[in-house]
Amino acid sequence: MTTTARTTAATTKTGASPASVPVPGPVPVLWLALLATPVAAAANAPVLILPDMAASLGVGTSTAAWLVAAFAWAMAVSVPLLAGLLRRRGLTPVLRLSGALLLGGTLLVAASPWLPATLLGRAAQAAGGAGLVAAAMSLAGSARRMGVISAGFGMLGASGPLLGAQLSHTVSWRLALSVSLVSLLAVPAVSRYATAQAATTATAAATSTAPAPQIGRFDARGAALLTVLATALVLLPHAPAVAAGSAAVAAALLALHVRRRPGGFVPAALVRSRLFLGSALLALALSTSYFTLLFAVPRLLADRAGWDVTAAGTGQLVALLTGSALSWLLAAASARMGRTAVRTVLVAIGTLAAVLAVFASWGPLLLVATLGGVFGATGANAVLSMQAASSVPDPRRPTAIGLFALCYQLGGAFGPAIATALVLG
């Protein structure tokens, strides 16, 4: 049900005139895309400039790579945490906190000459970006609008390495790591919507006889256990034995906690929902496949097809941009296609991309694998996130979206490790 429909129903039930309640329209989707997508470019900006970053900080390239891992970790753990804050406190506090984290982290990255402080800054940038992503996803409202955001993610993520290299060579690598600051341009517009939405909600609540939804005290233990579990999973490729043991313990403790507190930070209704679990796990699989291909295909193009670095990079960029744009068409058509048809398309394209990557030796076919990988991942993010959110009542939608996004982000941790083990090592 749309915001307009909900408000009209509430006022009609109580006898109030619907015209007496100001109903804000949805946030224009381009504002949501601007709010959420620059973080994708920031995440991939270090790919080509790690040696420059390492030299500037006086460390080895492998040590500087922790700047990438720290960003991925903070994104993964912050999305569900800030989605929980969104559910409890509303949009405005999340926008303010996320903007402050993004700005503070960027200033720290820009000024710090030491790796530890730069790591802290990158983590703060990622946490701020995660909050903006959670806000944008919660406001999307439909697979079509979510498709615009997801396609923007793919496009800016694809452009991130080249953009980072250009900014690094012309100005500084620190500027390259600061591109997510562009998101702050969208915060005032989205904040105005939040203010109008809050006024509408208060007016509707004052005229309604229905009891307001109750939200219990914050489930700190559930949030902590989920954070430990996500951290262990992110570190799984880097320290398999320790991370696997920690993840198993955290998962067991979290399962026990969910049984004791079914309405807590990880709702039992989500854990038991086949729709949510199917959507989240399929998104994790497609995301992992995409990030594996993202790192592996350039090497495969060189080894199997004899392409040089420039040709491989240009070809992959075109494939990524094309696949991201095409994923919006799937999102736009998803309502007419139905849930089963959409999932069939995603699984078929994702499987085809993996098969081509394994067996193809002709360069264009390897680029088709990249196109299929990004199409599957961005399409899943757009469509399956809405399906996951529909598995719970409206008050729980931010929580569902946050946990879904956590599963998707884990693919960004698993994919590069798989590519390293199979191709790059």
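Contact, as the word is used in this report, means heavy atoms within 4.5 Å. By that criterion, and not counting residues up to four places away in sequence, Thr378 touches Ser150, Gly154, Gly323, Ser324, Ser327 and Tyr408. Thr378 is found in helix α18 (residues 363-389), where helices are DSSP runs of H or I with at least four residues, numbered from the N terminus. With a relative accessible area of 3%, Thr378 is buried; buried means under 20% relative accessible area, exposed over 50%, and partly exposed in between, with a 1.4 Å probe and protein chains only.

The model is predicted, so that local features need pLDDT of at least 70 and side-chain atom pairs count only at pLDDT 80 or more, whereas totals for chains, interfaces and linings use all residues. Residues are numbered from 1 along each chain as its sequence is written, and side-chain values use heavy atoms, with hydrogens and water left out.

In helix α2 (residues 29-36) the buried residues are Val29, Leu32, Ala33, Leu35 and Ala36. These residues lie on the same side of α2, because they cover an arc of only 160° around the axis, the arc being that of the directions from the helix axis to the C-beta atoms. Leu185, placed in the loop between α10 (173-176) and α11, is exposed at 59% relative accessibility. Leu185 touches Trp31 and Leu34, again not counting residues up to four places away in sequence. From C-alpha to C-alpha, Leu185 and Leu34 are 7.7 Å apart in space, although 151 residues apart in sequence.

**Aromatic pairs and a salt bridge**

The structure holds 2 aromatic pairs, for which rings of Phe, Tyr and Trp (its six-membered ring) must have their centres within 6.5 Å; planes under 30 degrees apart count as stacked, over 60 as edge-to-face and the rest as tilted.

| Pair | Distance between ring centres | Angle between planes | Class |
|---|---|---|---|
| Phe218 and Phe265 | 6.1 Å | 85° | edge-to-face |
| Tyr290 and Phe291 | 4.8 Å | 55° | tilted |

Phe218 lies in the loop between α11 (187-207) and α12 (220-235) and Phe265 in the loop between α13 (240-260) and α14 (268-271), so their pair ties together parts that are 47 residues apart in sequence. Phe218 is partly exposed at 40% relative accessibility, whereas Phe265 is buried, with a relative accessible area of 10%. In the other pair, Tyr290 is buried at 5% relative accessibility, and Phe291 is buried with a relative accessible area of 16%.

Side chains of opposite charge can pair when their charged atoms come close. A search of the whole structure finds 1 salt bridge, defined as a side-chain nitrogen of Lys or Arg within 4 Å of a carboxyl oxygen of Asp or Glu. The partners are Arg261 and Asp219, with their closest N and O atoms 3.6 Å apart. Since Arg261 lies in the loop between α13 and α14 and Asp219 in the loop between α11 and α12, the pair ties together parts that are 42 residues apart in sequence. Arg261 is partly exposed, with a relative accessible area of 21%, whereas Asp219 is buried at 5% relative accessibility.

**A nonpolar surface patch**

Val47, Leu48 and Phe295 make a nonpolar surface patch of about 250 Å². Patches are made of residues with over 30% relative accessible area and no salt bridge, like charges being joined within 9 Å and nonpolar side chains (Val, Leu, Ile, Met, Phe, Trp, Tyr) within 5 Å. Accessible areas come from the Shrake-Rupley method with a 1.4 Å probe, and for residues only the protein chains shown count as cover. Leu48 lies in the loop between α3 (38-44) and α4 (50-57) and is exposed, with a relative accessible area of 52%.

Definitions and conventions:
Helices (H or I, at least four residues) and strands (E, at least two) are DSSP runs, numbered from the N terminus.
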